[in-house]
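I opened my notebook to look up a few residues one by one. Here is the model I worked from.

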Amino acid sequence: MAPGGAKKNILERLDAGEVVLGDGGYVFELEKRGYVKAGPWTPEAASEHPEAVRQLHREFLRAGADILQTFTFYASDDKLENRGNVQSFTGKQINEAACDLAREVADEGDALVAGGVSQTPSYLSCKSEAEVKAIFMKQIEVYVQRKVDFLIAEYFEHVEEAEWAVQVLKTTGKPVAVTLCIGPEGDLNGVSPGDCAVRLVQAGADIVGVNCHFDPVTAVKTVKMMMEGVGKAGLKAHYMVQPLAYHTPDCNCQGFIDLPEFPFALEPRVLTRWDMQKYARDAYDSGIRYIGGCCGFQPYHTRALAEELAAERGFLPAASEKHGSWGSGLEMHTKPWVRARARRDYWEKLPPASGRPHCASMSTPAGWGVTKGDAQLMQKKESTTQDELKVLFGKTVTNQ
């Protein structure tokens, strides 16, 4: 807390060198819990089932998250109405409900609320800069009214659209973070991570980084490339990373959405809590101070980040009351061979087995090479037809 009991804002925390922990993957987790539909991935649960969103916020807060993002991923009207997706709520109603839920829970601790916007179907369909910016402006009007603490433009595959988002978000006067869902190859037009970061800082971003699409190893590597680019340009910024909770060494530039397992068979790739501790240490040692997660992240993953960086943060999260450091709680187990696992040396060196005798260690990504401007990416309000699906099914077989 700042003097007088007020919460320090995001830039005050980062300027002071504090470690800031983000929360995790709401869309994927709520899909597993039965509140989000895979495909549209839209966040109407904030209005339909607020108790589910509220509970997940509380779990991430208890696990050590300093930031609660509003559950507003893909909550622009053009996405809510895309490809036959029928909505009972407007984007404004969903965003208002999401802001209220995040604020309610954040104020139960010292957490900040971040309002988010993400890439739009309109951009992929080659709508104009003015049309795309109008979508972002409509969303941030709610965030300003609901007094979120800062803004995040997240999940952008093209740096151009991310620049447009940053320019709109900067008009609020609030701190702005921006994350691209890219790897070391850069955005889908081939702009390098370093050049992407420079352009985003020049657009006004206070915090730059990556989220989603790739695992922690790849994500941290990509942010380090951003840091190098910004430094060479003589600019300054803070850095953040919010990767997947899935191992993705076999991904191409499109990330995990190109994997054949996406989205319903990714569980064999989930990182363990010990993998997460390594990620937290690697990110910290790389100079990144805003460390969080995206799809696949559950509260116990966030707790692992908090436990690994407890010395740097000066405290453990409430959820650690039920978790012994490096498995020390196993000392109380009834079976002696399990008690023997109550040590860091065991878990840090364990190579987990998949239990799947004929499962390959890696997959071949789809690799369609489709991005903005391709006819197949032109979005529409009408449902996808069976004839259109037959064409896609045939192409999928060809690419296997």
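My entries on a handful of residues follow.

**Ground rules.** I'm working with a predicted model, where local features need pLDDT of at least 70, side-chain atom pairs count only at pLDDT 80 or more, and totals for chains, interfaces and linings use all residues. Residues are numbered from 1 along each chain as its sequence is written, and side-chain values use heavy atoms, with hydrogens and water left out.

**His57.** I found His57 in helix 4 (residues 50-63). Helices here are DSSP runs of H or I with at least four residues, strands are runs of E with at least two, and both are numbered from the N terminus. Is His57 buried or exposed? His57 is buried, at a relative accessible area of 0%. My note on the terms: buried is under 20% relative accessible area, exposed is over 50%, and partly exposed is in between (1.4 Å probe, protein chains only). Leaving out residues up to four places away in sequence, I listed what His57 touches: Tyr26, Leu68, Gln69, Leu101, Ala102 and Val105. Contact means heavy atoms within 4.5 Å.

**Cys126.** I looked up Cys126 in the loop between helix 7 (121-124) and helix 8 (129-145). Cys126 isn't a glycine, yet its phi is positive, about 70°. Cys126 is partly exposed, with 40% relative accessible area.

**His213.** Where does His213 sit? I placed His213 in the loop between strand 6 (207-211) and helix 11 (216-232). His213 has a positive phi too, about 60°, although it is not a glycine. I noted His213 as buried, at 1% relative accessible area.

**Pro263.** Phe262 and Pro263 are joined by a cis peptide bond, with omega about -5°. I traced Pro263 to the loop between strand 7 (238-242) and helix 12 (273-285).
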